[in-house]
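This report looks at one residue in a loop, at the packing of a pair of helices, and at the nonpolar cores.

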Amino acid sequence: MPSLLGVFAHPDDESLLAGGVLAQHAAAHARTAVVTMTWAPDSPRAVELADALRALGAGPPRMLGYGDARNPQAAPGRSRLVDAPLDEVVAALVQQIRSLRPDIVVTHDALGQLTGHPDHRRTHQAALLAVQDAGLAHLHPEAGEPWQPRAVYCATHPESGVGELRPLLEAVGKAVLAVPDAYATTTVDVTPWLAPKWSAILAHRGEVARERALPGILARLSEETRRKIIATEFFTRLTTGPLPSARPRLTA
């Protein structure tokens with residue numbers, strides 16, 4: 001099982017979008033870790049993130065501490081992620097990639113998931129650039145020895161896989177953005193890892209308490225409906241760097 005690094009915008013994105021895959025890899029004793037782009041390491045959400053990552057077996061939080069585009073309380077005194085210089089953000093991610101040396105990086109898709117959050121989109125952009133830069137010694141030499149992840153998997157939602165989420169999100173006034181089915185190159189049934197995934201989602205207690213946040217929406221559903229929504233994770237696979245002779249896969 002290849003080593004895995006998740007790069008996500010907010011605390012709870014890792015659990016909602018790739019919690020099953022993270023738990024799967026951790027259970028197989030693969031190295032797993034998560035970098036979170038926004039919210040300060042001393043914020044209440046950092047404590048919740050630590051609990052979620054513990055449930056998934058994904059190590060301690062690694063928070064870059066940028067501000068959330070829509071919440072000024074996320075990181076007072078810090079630039080919002082969407083306002084920070086892109087080169088600065090990419091360099092910070094390159095350092096994490098070279099330190100952790102993952103085979104696979106998992107991040108947001110180009111749409112920014114179903115709701116198109118600007119932090120998700122900026123994270124996608126920065127992660128793709130960082131994965132390319134991390135393998136080139138002449139770029140960011142201060143960030144450590146080069147390391148080239150073999151693939152990026154962008155968490156996504158195909159049009160045919162939105163299912164029950166569409167009316168739930170539309171009911172609270174949120175957009176529903178999905179990619180054409182052909183863009184979802186990898187579909188993972190995470191049913192065996194639903195228990196740690198759901199525990200990780202519930203660990204984000206502040207979001208569970210919010211009516212419009214997805215953890216809160218999921219918490220109010222019947223178990224059967226919730227399982228149908230969170231039991232499958234979709235990804236778009238992107239190859240990076242030189243074509244590897246052996247391609248690591250997310251599927252077991």
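A residue counts as exposed when its relative accessible area is over 50%, and as buried when that value is under 20%. The model discussed here is a predicted one. With a relative accessible area of 59%, Glu211 is therefore exposed. Glu211 lies in the loop that runs between helix H7 (205-208) and helix H8 (214-219), and, leaving aside residues up to four places away in sequence, Glu211 touches Val172, Ile217 and Arg220. Leu81 is 130 residues from Glu211 along the chain, and the C-alpha atoms of these two residues are separated by 25 Å.

Turning to the helix pair, helix H3 (residues 86-100) packs against helix H4 (residues 118-134) at an angle of about 55°, with 8 Å between their axes. Because angles from 65 to 115 degrees count as roughly perpendicular and those under 35 degrees as roughly parallel, H3 and H4 are oblique to each other, and their crossing is right-handed. The residues that meet are set out below.

| Helix | Residues in the contact |
|---|---|
| H3 | Leu86, Val89, Val90, Leu93, Val94, Ile97 and Arg98 |
| H4 | Arg122, Ala126, Ala127, Leu129, Ala130, Val131, Asp133 and Ala134 |

By class, this contact of H3 with H4 comprises 12 nonpolar residues, three charged residues and no polar ones.

The largest nonpolar core has 46 residues, of which Leu4, Val21, Val106, Tyr153, Leu218, Phe235 and Leu250 touch the most other members. Helix H1 (residues 13-27) supplies the largest share of this core, namely six residues.

Methods. Residues are numbered from 1 along each chain as its sequence is written. This is a predicted model: local features need pLDDT of at least 70, side-chain atom pairs count only at pLDDT 80 or more; totals for chains, interfaces and linings use all residues. Side-chain values use heavy atoms; hydrogens and water are left out. Axes are lines fitted to C-alpha atoms, for helices over the stretch in contact, and angles run from 0 to 180 degrees between N-to-C directions. Helices (H or I, at least four residues) and strands (E, at least two) are DSSP runs, numbered from the N terminus. Angles under 35 degrees count as roughly parallel, over 145 as roughly antiparallel, 65 to 115 as roughly perpendicular and the rest as oblique. A crossing is left-handed if the near helix is turned anticlockwise from the far one by less than a right angle, and right-handed if clockwise. Contact means heavy atoms within 4.5 Å. Ala, Val, Leu, Ile, Met, Phe, Trp, Tyr, Cys and Pro count as nonpolar, Asp, Glu, Lys and Arg as charged, and the others, Gly among them, as polar. A nonpolar core is a set of buried Ala, Val, Leu, Ile, Met, Phe, Trp, Tyr and Cys residues joined through side-chain atoms within 4.5 Å. Buried means under 20% relative accessible area, exposed over 50%, partly exposed in between (1.4 Å probe, protein chains only).
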